[in-house]
Amino acid sequence: MGGKHYLPLTDEDRRQMLAVIGVKSVDDLFSDIPSEVRLQRELDLPPALAESEAIEHLNSLASKNKHFHNCVSFMGAGVYDHFIPSIIKHVTGRSEFYTSYTPYQPEISQGVLQAIFEYQTMICQLTGMDVSNASMYDGGTAVAEGAVMGCGSTRRSKALVSRSVSPFYREVLSNYFNSRGLDLEEIPIVDGHTDLSELEKLLGEDVASVVLQQPNFFGLVEDMDGVADMVHNHKAVLIVSADPLSLPLLQSPADYGADIVVGEGQGLGVPASFGGPLLGIMAARSKFVRQMPGRIAGETVDGEGNRGFVLTLQTREQHIRREKAASNICSNEALVALGAAVYLAALGPQGMREVAEQCLQKAAYTLEKITALEGFEVVFPGNIFKEFAVKIPGKPAELNKKLLEKNILGGVDLAPFYPELENTMLFAVTEKRTREEIDALVRELEGWK
Amino acid sequence: MRKSKALLFEMSRPGRQGYSLPSLDVPEKPLDELLPKKAQRNEPLGLPELSENEIIRHYTELSTRNFGVDTGFYPLGSCTMKYNPKVNEDVAVLPGFAFMHPCQPLETVQGALELLYNMEQGLKELTAMDRFTLQPAAGAHGELTGLMVIQAYHRHRGDHKRNKVLIPLSAHGTNPATVSMAGYEVVQIPSDDRGLVDLEALKEAVDETTAALMLTNPSTLGLFEEEIIPMAKAVHEAGGLLYYDGANLNAIMGYARPGDMGFDVVHLNIHKTFSTPHGGGGPGGGPVGVKERLIPFLPVPLVDKKKNQYYLDYDLPESIGKVHSFYGNFGVAVKAYTYMCMMGAEGLKQASTDAVINANYLMSLLKKTYLLPYDRICKHEFVLSARPQMKKGAGAGDIAKALLDRGFHPPTVYFPLIVEEALMVEPTDTEAKETLDAFAEVMGQIAKDIDQDAEKVAHGPYNTVVGRLDEVRAARNPVMRWEKKVD
């Protein structure tokens, strides 16, 4: 039988235990299941594998996939191949952390609680916000919950979202809003940037929040000058989805007046894992804390005055407030947040700055090299951080196929999300890409078509 | 013995670093040329500066201040804190899983899609559902996805008056919170004196405004809802749908399937039933399965197979859309799939059998000293009441703290709400009889301690790294981040 090494009861144990319970057989313990719904056969599942067989099976599945270790990746669009220091897995691999539940009993959960408190502090430092939660599922759900929070705090029911916000996030956002009966309107883009004059026209007293992304989905740095004033003049809330790895270089969201900062934290040492688990970032100014979803760790003391940490402001949460809760979120991405905190601690202010600078320099170098090629054109003018859109002389799928022959994971095709952007690809260049790898990409592009 | 642990920020020394990066190998341009001055950051980052070894010692010490399943018995009711097999952790970090980009061409992700496809087949067989999405990242996320699917189904039929979702009083807090998130109203259904959903009250509550009934079976009391067939009939006849909160599926694998009980939509908690670790709060996974007529409304993409090629199917015109940026917590699915492979049909059924034996055995031992409000055969968990102990001066929360002193993680306390001073105990399938015996003995000892000196018990714990923490103070004067002290 499978799984015996996880099931310590012996037949003799079971006999003794049934006797103590006072029943004759195991069947008696299931007699409360009416016979009409009792499964009258055994489950039809593949035969159990031994551990060595399971490893072989999983190895064979994994070996059918291409990945960042056997390919050079220029894919981005929210998930990136940044370098992940070894230290992270050694911390998140400590089973006192990863085999624990949500820290409901603070006196034996100080490890996780303090780690979350430190994570929250780091997210606040990066974004300039006053308070961060312990994480959301991913960037998409963080954007959606941020916009819901905007509605809750303004008691208005409409959000404006720029078309330059990740289409992956906008799909989640629109789904959340549609279900809840909230209104969503898109702010058009001009040259890849949010059209601020259109935004001004769309703002009105029904608008709860404006959702922008920095850098935006095309990798462009949006001009945030005056945006917050415009939004605040209409008593709406400015929500910004920020790439945390850009924040060492870019003006902090607090500095340009954002009220709520959300985003995808995958770049902070989190494996891409085919898109999950990721890390949803959620931070805000303190006046929004009562509407904030999810767990928050807070500082307190014990009877002797020792500092300790607990989950706090739980009256926002589902297990206390039930249908009046700020959100239904219960499980989050705590272990991923722990890993992100280790990343930020290891890199520190200097390392974070260097990573961001290398992304910026290498992306600029790559863009310049690619657009110097015949048939490849820059799509949007403007400043970029680590990714950019390029018009190519043919179909993105065909180009990616050719690149794959050289073990290069090329760019993301933009047409499925922006029908007007035919034959356009989004390339990302992280600090991990070497000049040699970039030049190899450029050589493959040269003379294609 | 007791002491606080310094924060990373308090350990920081300017100039220390815990990383190394290769030097920039492309020609460097002046920063101002690449980024306009006004778009540049003005203030310092304020992150700690530490060497790698200091960071490791910090987190190693923190880990010793934390209790996990690998530390000891963790009978936290409703959370199914079973053992997390180590092989799962190893395979999930294989580069062919952990370092894949979600937008890679399909021909480069065939192994990943095959895994998701196989997993779906297994989940369908276990639950008698017709299709699954693995996109929801947690149980509550699955609940929301499920209600969105139900909502889309009703809306598609032009049935717009259904604005209520029925839930029993004993439901998990996520259920009513999810109902609100989906824009529905909550209607609470009381329990009868057996602890089961009051069928007559349910029949009275269903009408043409009922969108769905959300139900956990076995319930949060650990009791199987024996009248599930008439309940399903009542809801279906009124045009509503049945939603199964799969938090407790671990009790009935191989014995009964939600799809056979009349449920139209289920979510599963793969971090509970399928042994994936809970990570101190997450990541989890909340796959949602539906019956045939609801398939068109599932999130896109679904994983499918054509001529032995796996692909992502976006062609679902009535789909609710997406609930996650990509395909959900794939890395967690790898662990759950590995568990299913290793357990097989017999092993999964045995896991449910042992979970139920363990729960009934521990219940038999504990009901001698604690009040058992619903004294009948339970499934994977049971709920005691510490009301008699509370009258003496120490309640459920105090008993929990007393357990901390004796090396056990306490049961869930003060939930479900329908039991006063509730202690919700879920031993799981992966615990040995000796562990249950030891736990029962300690629980008996605590009851005696309360008889002798309730005051003392009410002020515990005594042997933990910090004493009982002041949660009221934390909420009244919230300090949610470290700030540099200004001298």
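1. Which residue, with a positive phi, follows H6(B)? In this predicted model, H6(B) is followed by B:Ala128, and the phi of B:Ala128 lies near 60°.

2. The helix that comes before B:Ala128 can be checked for its length, since H6 of chain B covers residues 110-127, and its 18 residues should span 26 Å at 1.5 Å a residue. The C-alpha atoms at the ends of H6(B) are 26 Å apart, which agrees with that expectation.

3. Turning to the interface, 208 residues of chain B are in contact with 189 residues of chain A. The two chains bury about 17000 Å² between them, and 62% of that area is on carbon and sulfur atoms. On the chain B side, B:Met181, B:Met342 and B:Met480 supply 5% of the area buried against chain A, which is more than any other three residues supply.

4. Polar and charged pairs also join the two chains, with twelve salt bridges counted between chain B and chain A, alongside 97 residue pairs in polar contact. A salt bridge is formed, for example, by the side chains of A:Glu42 and B:Lys349, with an N to O distance of 3.4 Å.

5. Helix H12 of chain B, residues 330-366, gives the largest share of the side that touches chain A, namely 28 residues. By residue type, the side of chain B that touches chain A divides into 111 nonpolar, 58 polar and 39 charged residues.

Notes. Residues numbered from 1 in each chain as written. Chains lettered and ligands numbered in written order. Predicted model: local features only at pLDDT ≥ 70, side-chain atom pairs only at ≥ 80, totals over all residues. Heavy atoms only, no water. Contact = heavy atoms within 4.5 Å. Buried area = accessible area lost by both parts, 1.4 Å probe. Salt bridge = Lys/Arg side-chain N within 4 Å of Asp/Glu carboxyl O. Polar contact = N/O pair within 3.5 Å; in protein donor to acceptor, adjacent residues only side chain to side chain. Helix = DSSP H or I, 4+ residues; strand = E, 2+ residues; numbered from the N terminus. Nonpolar A, V, L, I, M, F, W, Y, C, P; charged D, E, K, R; others polar. Expected span 1.5 Å × (residues − 1).
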